[in-house]
Amino acid sequence: MEKTIKFEDIPIQKFSFKQIEKKMKSYIEQLKAAPDFETGFKVIKAYERFGSKMGTNFGIISVRFTLNTQDEVIAKYQDLVDEISPLISNLANEWNKVLVALPYRKQIEEKYGSYYFQMIENELKSFDEKIIPELVEINKLSSQYDRVMGSAQIEFRGQTYNIPQMGKFSSSADRETRKEAAIAVDKFFQDHEQEIGDIYGKLVLLRDKAAKKLGFEDFTELGYLSLGRVDYNPEMVANYRKQIAKEVVPVAQKLYRAQAKRIGIPFNKMYNYDYNLFFKSGNPKLAGDSHYLVESAGKMYHEMSPITGEFWDFMNERHLLDLEARPGKQPGGYMTFFDEYKYPFIFSNFNGTPHDVDVLTHEFGHALQGYLSRNIKPSEYRSPTLESCEIHSMSMEYFATPWMELFFGKDAEKYRYYHLSDSICFLPYGITIDEFQHWVYKHPTATHEERCAAFKEIESRYLPQKKYPKEMKAAGHGGWWMRQSHIFGSPFYYIDYTLAQVCAFQFYVESTKNREKAWKKYIKLCKMGGKYPFVHLLEKAHLRNPFEDGNVAKVIRPLRKILKGFDESKFE
Ligand SMILES: [Zn+2]
């Protein structure tokens with residue numbers, strides 16, 4: 001039966017590692033003792049139910065922690081989760097070892113498909129008891145970084161803001177405001193450079209050590225395995241970056257030149273903070289406050305399709321959205337899923353910029369997929385690997401474009417242009433973050449300064465337009481990466497957004513030709529959940545594989561045409 005409990009009423013279940021250990025060990029013993037498929041399969045299902053309950057409890061804790069990083073009680077729970085997660089992974093590893101060696105494995109495979117075991121074998125390769133000390137430390141350091149970022153109090157013109165709240169000033173139509181805001185944010189990174197640099201240095205060494213303990217040459221391969229990348233590798237990603245460099249960097253540079261012209265600043269005089277302003281008269285303005293935006297989103301989803309309307313109501317009735325920025329709330333946005341309740345949850349920090357609309361579309365796309373896949377069995381197949389997940393969300397941003405009048409009024413066309421050109425320009429940034437991480441893990445003992453130098457060099461190739469004023473000392477010497485949280489908590493993850501973007505562009509182009517067909521294809525993709533790894537999923541969904549030579553060009557070409565279709569003279 002469908003649950004109706006509201007998010008704030010979901011209780012946190014008290015737990016201890018001892019309890020969890022006892023339970024998991026008992027499942028492992030039961031599985032070992034199960035004489036045949038029928039008995040074994042029952043144990044597997046019971047273990048899945050247990051995992052779903054525990055995962056949901058930990059998920060609730062993690063969400064409540066990000067909602068208020070200053071809440072001491074929740075922080076304690078979160079610390080406990082961080083502390084015992086590696087120990088739980090160890091028990092899960094024991095379980096996995098028994099599972100892959102079962103004499104009736106073939107029968108399980110017939111029921112669940114071979115990818116199920118591929119995922120488990122992947123997990124076995126990327127984990128061993130001996131790396132637990134490193135994993136515990138890694139978790140702690142990642143949370144420490146989150147706390148540093150979450151506690152940021154930026155003084156700006158007599159007021160105090162957190163980082164997301166500064167977004168509004170950084171993209172102001174007034175150049176002085178933009179500049180001052182950019183410098184104020186950079187100042188935070190100057191003041192915390194040593195702390196953040198140290199955290200990262202430790203993280204890199206720990207990851208390298210863990211990889212070597214497991215027999216890998218360095219962390220790269222382990223990082224890929226940990227992300228469940230079973231059907232592509234670093235060489236394929238390098239080849240993909242090459243395509244982006246060749247096909248997209250020049251297009252982005254053209255877009256930047258056009259932007260400079262639009263906002264009336266000579267291209268060679270453009271500074272980093274100027275690129276936050278897209279139009280001389282200001283960025284597309286939201287047609288109302290956050291309450292209005294949420295109402296508009298409801299209207300849009302009810303008009304879009306029956307399923308999106310039904311799902312929008314589902315989320316709202318259960319209070320599964322927390323959208324406003326508040327002091328103490330962790331920056332960023334995400335969607336997570338509470339398996340036990342079959343509830344998605346959307347977290348974001350509205351800051352009064354057009355990005356707020358991206359959240360209502362992007363995170364909603366993630367949530368919709370979670371909802372559409374909620375009954376897939378086994379539960380391991382409900383959510384795909386992360387790059388595939390981003391296809392659901394980024395494509396929804398495009399499916400929503402016809403409704404932009406609701407959010408932006410007369411600025412809707414401005415927004416559509418901004419969104420497309422921003423998405424294209426994002427790709428060179430994405431590969432910068434990715435290439436940097438490949439460099440980092442190949443040079444694990446590099447100093448902070450060497451890391452910054454490497455970043456600066458990569459940045460100069462893919463983002464040659466970026467120029468910082470001398471006051472932005474942190475970014476100026478190659479320290480921009482310190483603000484990219486994924487680098488700390490989710491190594492090698494960032495490229496996923498770009499891979500997904502290339503897929504979302506395909507849905508966009510198709511939807512401009514035949515919306516009905518594109519939408520059906522999208523819903524089908526969402527319903528497939530995580531039944532296949534990335535490249536395989538693309539095949540099933542009839543999407544072009546970005547790793548294949550020539551495919552990035554094929555995706556970008558029609559976009560250039562769409563861009564030409566905008567009447568830029570109207571954007572004064
Ligand atoms: Zn996303």
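Helix α12 covers residues 249-263, and its 15 residues reach 21 Å from the first C-alpha to the last, close to the 21 Å expected at 1.5 Å a residue. The model described here is predicted. The buried residues of α12 are V249, V251, A252, Q253, L255, Y256, Q259, A260, R262 and I263. These buried residues pack against four helices: α11 (234-247), α18 (412-442), α19 (448-462) and α25 (551-564). After α12 comes G264, whose phi is positive, near 75°.

Helix α16 (residues 386-399) can be checked in the same manner. At 1.5 Å a residue its 14 residues should span 20 Å, and the end C-alpha atoms are 20 Å apart, so the two values agree. α16 is mostly covered, with 13 of its 14 residues buried.

**The zinc site**

Which residues coordinate the zinc ion? The donors are NE2 of H362, NE2 of H366 and two OE entries from E390, at 2.0 to 2.6 Å. The spacing of the donor residues in sequence is H-x3-H-x23-E. H362 and H366 both lie in helix α15 (residues 355-372); because they are four residues apart there, about one helical turn separates them.

Why is the arrangement around the zinc ion irregular? The four donor atoms subtend angles of 54 to 144°, whereas a tetrahedral assignment needs all angles to lie between 85 and 135 degrees. For reference, the ideal angle for four tetrahedral donors is 109.5 degrees.

Both histidines fall under the 20% cut-off for a buried residue. H362 has a relative accessibility of 11%, and H366 has a relative accessible area of 8%.

| Residue | Relative accessibility | Class |
|---|---|---|
| H362 | 11% | buried |
| H366 | 8% | buried |
| D434 | 0% | buried |
| R544 | 38% | partly exposed |

**The sheet**

Three strands form an open sheet in the order β3-β5-β4, with mixed pairing. β3 (321-324) and β4 (334-338) are the edge strands, each pairing on one side only. On average, and ignoring direction, neighbouring strands of this sheet are turned by 15° against each other.

The two pairings differ in sense. β3 and β5 run parallel and are joined by three bridges, while β4 and β5 (residues 343-350) pair in the antiparallel sense over five bridges. β4 and β5 form a hairpin with four residues between them, and K342 in the turn has a positive phi of about 60°.

Two helices pack on the sheet. Helix α2 (residues 37-67) touches β3, β4 and β5, and its direction makes about 150° with that of β4. Helix α14 (residues 306-317) touches β3 and β5, and its direction makes about 75° with that of β5.

How many of the residues of β5 are buried? Eight of the eight are, so β5 is largely enclosed by the rest of the structure. In a regular strand the side chains alternate between the two faces of the sheet. In β5 both faces are covered: Y343, F345, F347 and N349 are buried on one side, and P344, I346, S348 and F350 are buried on the other.

**Two single residues**

D434 lies in helix α18. Because its relative accessibility is 0%, D434 counts as buried. Leaving aside neighbours within four places in sequence, D434 is in contact with V237, R241, F492 and I495.

Where is R544 found? R544 sits in the loop between α24 (534-540) and α25. At 38% relative accessibility it counts as partly exposed. Not counting residues up to four places away in sequence, R544 touches C503, Q506, L538, N551, K554 and V555. R544 and F337 are 207 residues apart in sequence, and their C-alpha atoms are 28 Å apart in space.

Terms used: Residues numbered from 1 in each chain as written. Predicted model: local features only at pLDDT ≥ 70, side-chain atom pairs only at ≥ 80, totals over all residues. Heavy atoms only, no water. Donors = N, O, S within 2.8 Å, 3.2 Å for Na, K, Ca; no water. Tetrahedral: all angles 85-135°; square planar, octahedral: opposite > 155°, others 65-115°. Buried < 20%, exposed > 50% of the residue type's maximum accessible area, 1.4 Å probe, protein only. Expected span 1.5 Å × (residues − 1). Contact = heavy atoms within 4.5 Å. Pairing = 2+ DSSP bridges. Axes fitted to C-alpha atoms, helices over the stretch in contact; angles between N-to-C directions.
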